[in-house]
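Dear colleague,

I am handing over the structure below, and after it you will find my notes on what was found. Please read them with the model open beside you.

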Amino acid sequence: MSDAALWTALADPHRRAIVALLLERPRPVGEIVEACGLSQPSTSKHLKVLREAGLVRVRQDAQRRVYALDPAPIAELDAWLAPYRRLWNTSLDMLGSRLDETASDTPEETRP
């Protein structure tokens, strides 16, 4: 799986919706089609992109294809995002402190 394939796969809102569905549990294609409100061919194309990016696995269950989320690429994405998450947390902590200071500097009668 390449980073570009992962980002490309997750860039589409329909594919993100499919990933969110599969986060709950593995699902057959028909269930994904119904939940997403897409046509079967369109859903299959999205599933192919997700499969090629390594985000989902497929298994045959009699006549059905059942798709499941593969957590490994998500873990890689989470690891890649960790430094940015720390940056945001630090910035949000500083903003919270500043807002607390501002609130304590404001006279009580002017506070909402």
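A62 is found in the loop between β2 (56-61) and β3, where helices (H or I, at least four residues) and strands (E, at least two) are DSSP runs numbered from the N terminus. The phi of A62 is near 55°, a positive value in a residue other than glycine, and A62 is exposed, with a relative accessible area of 65%; buried means under 20%, exposed over 50% and partly exposed in between, with a 1.4 Å probe and protein chains only. Most residues other than glycine have a negative phi.

Before going further, please note that this is a predicted model, in which local features need pLDDT of at least 70 and side-chain atom pairs count only at pLDDT 80 or more, while totals for chains, interfaces and linings use all residues. Residues are numbered from 1 along each chain as its sequence is written, and side-chain values use heavy atoms, with hydrogens and water left out.

The other loop residue that I looked at is D70, placed between β3 and α5 (71-105), and D70 is buried, with a relative accessible area of 18%. Leaving aside neighbours within four places in sequence, D70 is in contact (heavy atoms within 4.5 Å) with G54, L55, V56 and R57. From D70 to M94 there are 24 residues in sequence and 36 Å in space, C-alpha to C-alpha.

As for the helix packing, α2 (residues 13-24) and α3 (residues 29-36) pack at an angle of about 125°, with their axes 11 Å apart; axes are lines fitted to C-alpha atoms, for helices over the stretch in contact, and angles run from 0 to 180 degrees between N-to-C directions. That makes α2 oblique to α3, given that angles under 35 degrees count as roughly parallel, over 145 as roughly antiparallel, 65 to 115 as roughly perpendicular and the rest as oblique. I18, L21 and L22 of α2 make the contact with I32, A35 and C36 of α3.

The axes of α1 and α5 come within 11 Å and cross at roughly 100°, which makes α1 roughly perpendicular to α5. Here the contact is made by L6, W7 and L10 of α1 and P73, L77 and W80 of α5.

Finally, L50, not counting residues up to four places away in sequence, touches A9, R15, I18, V19, L55 and V56.

Best regards
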